[in-house]
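Keep the structure open while reading.

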Amino acid sequence: MKKLLTFVFVAFCAVTVIFAGGSSETATAAAPAADTNTVKVGLLCIGDENDQGYTYNFIRGRDEATELLKADGINVEWVTKYNVREDSSCVDANIEAAEEGCQIIINNSYGFEPYMLEVVDEYPDIEFISCTNCASVFDGRDNTHNAFADIYEGRYVAGVVAGLKLQQMIDEGTITPEQAIIGYVGAYSFAEVISGFTSYYLGAKSVCPSVTMLVSFVGSWSDATAESDAALALADRGCVMISQHSDNTTPATAAQSKGVFHTGYNNDMTGIAPQASLISTRIDWGIYFYEAIKAYVEGNEIPQDWCKGMAEGAVVMTELNEAIAAPGTKEKMDEVIAAISDGSIEVFDTSTFTVGGEPLTHAFALDLDGDFTAETEEAVYDGAFHESEFQSAPYFTAQIDGITWLNSAY
């Protein structure tokens, strides 16, 4: 039986965000040979590749998977719909993709899933995938799926890069230990974002013990102006390092305008902020698209809840901006990535943080109604909180010491 697990400190559920626009394109990778398998796949995107962030990263994954599948004799005809809104128009977009003959339909935004689920029963022979979400795998249907990656691993590594830069500044006398303050631009105050900025902070703290963090939530996945304004305000509050869980590059350019440093998400941002941006981390969606489409074509089941990390190449780092990175950063990065991949570093090692001055010793799983059940699971064991083990979507929402929330945006 499918059953959704979440945690006692988790506010389960999402908000929906309204985005304007809507467009689509159909692209065939290549004319298939006579013995080539062909599959038609819909990709519904909340933005377009011009954001140079979230949707751009999905398009990169689409194109990567297309080439990998072509090498296996599988031709993919993509129907890509851009600027789909997180409202009833998402229902229409899923129906359009289904009526256009798509055999697999991938929804790329967290807020798409409720609308996707309004459609799936009408098309039982089509496989529907909701990326970064957590309800499809537990909804009792065979044709719905979730997929995410252990992006918290990449955020930890980015935090190490940031922490090394902060410690360099301390050692050189540019800032005091108390001035090693990170400003974080977050979309919403729920698990995916909290897990990300907590792992980032823990990475920074592992190499810069005095670091603290201020988090500002903007209440949107993609609002370039709000993200810039939040980054500027954080710099004005004394933050000397800016990071983000938001879709645009404006936190990077804002950081550069203030003469502070930055780490990004979804795309290399060193090109638009070469004096500020150190590195980014991203999910390689090509890994998942390749596996899911290949499974479908070969008559195998698409995993109900897919999640992989650095060890499998599903979470990657962009190129380090060595012109401004602290000396020895590349070597330390390689060491940390290897340790995460082989399991010798646990990102949420409970000996490395406290909650209200106390170690985190329990995190109970709850059912959808928030009632304890006989199937309650424990997420803290063997000295660590085990993120994304019970479901691919993150569920860490503890507010740890050293991180201050300036606001909240659910």
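Six bridges connect strand S8 to strand S9 (residues 212–217), and the two run parallel. The model is predicted. S8 itself spans residues 181–186.

**Pairing of S8**
- Within S9, Leu214 is the bridge partner of Gly183.
- From S8 the chain passes through helix H5 (residues 191–205) to reach S9. This β-α-β crossover is right-handed.
- S8 also pairs with strand S10 (residues 241–245), again in the parallel sense, over five bridges.
- Within S10, Met241 is the bridge partner of Ile182.

**Burial of S8**
- The strand is mostly covered, with six of its six residues buried.
- Both faces are covered. One side holds Ile181, Gly183 and Val185, all buried.
- Gly183 has its bridge partner in S9, and Ile182 has one in S10.

**Asn107**
- Asn107 sits in strand S5 (residues 104–107).
- Its relative accessible area is 0%, so Asn107 counts as buried, the cut-off being under 20%.
- The side chains of Asn107 and Asn94 make a polar contact of 3.0 Å.
- Beyond neighbours within four places in sequence, Asn107 is in contact with Leu44, Cys90, Asn94, Phe112, Met116, Ile129, Ser130 and Cys131.
- Asn94 therefore figures in that contact list and in the polar contact with Asn107, a residue that is buried.

Key
Residues numbered from 1 in each chain as written. Predicted model: local features only at pLDDT ≥ 70, side-chain atom pairs only at ≥ 80, totals over all residues. Heavy atoms only, no water. Buried < 20%, exposed > 50% of the residue type's maximum accessible area, 1.4 Å probe, protein only. Helix = DSSP H or I, 4+ residues; strand = E, 2+ residues; numbered from the N terminus. Pairing = 2+ DSSP bridges. Right-handed = clockwise from strand over helix to strand, strands pointing away. Polar contact = N/O pair within 3.5 Å; in protein donor to acceptor, adjacent residues only side chain to side chain. Contact = heavy atoms within 4.5 Å.
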